[in-house]
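Here's a quick briefing on the fold you're about to look at. Have the viewer open while you read.

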Amino acid sequence: MPEHLIRLRGGWKLHDLDAEASNATPLTLPVAWESPPVPRRLRLVRKFGRPKTGRARLVLEAVEGLRAMTLNGDSLAIDAAPPGRLDVDLPPLGERNVLVLDVVIESASEEPTPLWGNIALAITE
């Protein structure tokens, strides 16, 4: 069955949950996080419309530190720390939808930080 990917690159809003005044800042994925001196708790929010046809699932790659995920306020099941690719079947989508990812960015070693967050909607007819 053919599959069409809608990459969710731009349009994200980043909230730093550990900052006293966390104003949302725009974010484009994938991103190279700066290594924090202590772990940082972040919330990424992305609004999107319902695809015109087909069934949707969420495909997430390189999302280390993903702790929780909700769609329109309902929790989506995830592995505690998916090391590679995570496929999540989605319930029927509304006209407008909100995806929320809660992430913890750990302190890194001296190695370069890999890009984080290849996320897409996979639509099947």
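**Contacts and overall build**

Among contacts in the protein chain (heavy atoms within 4.5 Å) between residues at least 6 apart in sequence, 76% join residues at least 24 apart. A word on the source: this is a predicted model, where local features need pLDDT of at least 70, side-chain atom pairs count only at pLDDT 80 or more, and totals for chains, interfaces and linings use all residues. Residues are numbered from 1 along each chain as its sequence is written, and side-chain values use heavy atoms, leaving out hydrogens and water.

**Size and surface**

- Taken along the principal axes, the C-alpha atoms fill a box of roughly 45 × 30 × 25 Å.
- Of the 125 residues, 37% count as buried, meaning under 20% relative accessible area with a 1.4 Å probe, protein chains only.

**Charges**

- There are 15 positive and 17 negative side chains, with the centres of the two sets 9 Å apart.
- Lys and Arg count as positive, Asp and Glu as negative, while His and the chain ends are not counted; the charge is placed at NZ of Lys, CZ of Arg, CG of Asp or CD of Glu.

**Strands and the sheet**

- The protein chain has zero helices and 10 strands, both being DSSP runs numbered from the N terminus (helices: H or I, at least four residues; strands: E, at least two).
- Six strands make an open sheet in the order β3-β2-β4-β9-β6-β7, with antiparallel pairing; two strands pair if DSSP finds at least two bridges between them.
- β3 (25-27) and β7 (74-75) stand at the edges with a single partner strand each, so one side of each has no neighbour in the sheet.

**Pairings, strand by strand**

- β2 (residues 12-16) runs antiparallel to β4 (residues 40-49), joined by five bridges, and Trp12 has Arg46 in β4 as its bridge partner.
- β4 also runs antiparallel to β9 (residues 96-105), through 10 bridges; here Lys47 is partnered by Val98 in β9.
- β9 pairs with β6 (residues 66-71) too, again in the antiparallel sense, over five bridges, and Ala68 stands opposite Asp102 in β9.

Technical notes
Buried < 20%, exposed > 50% of the residue type's maximum accessible area, 1.4 Å probe, protein only.
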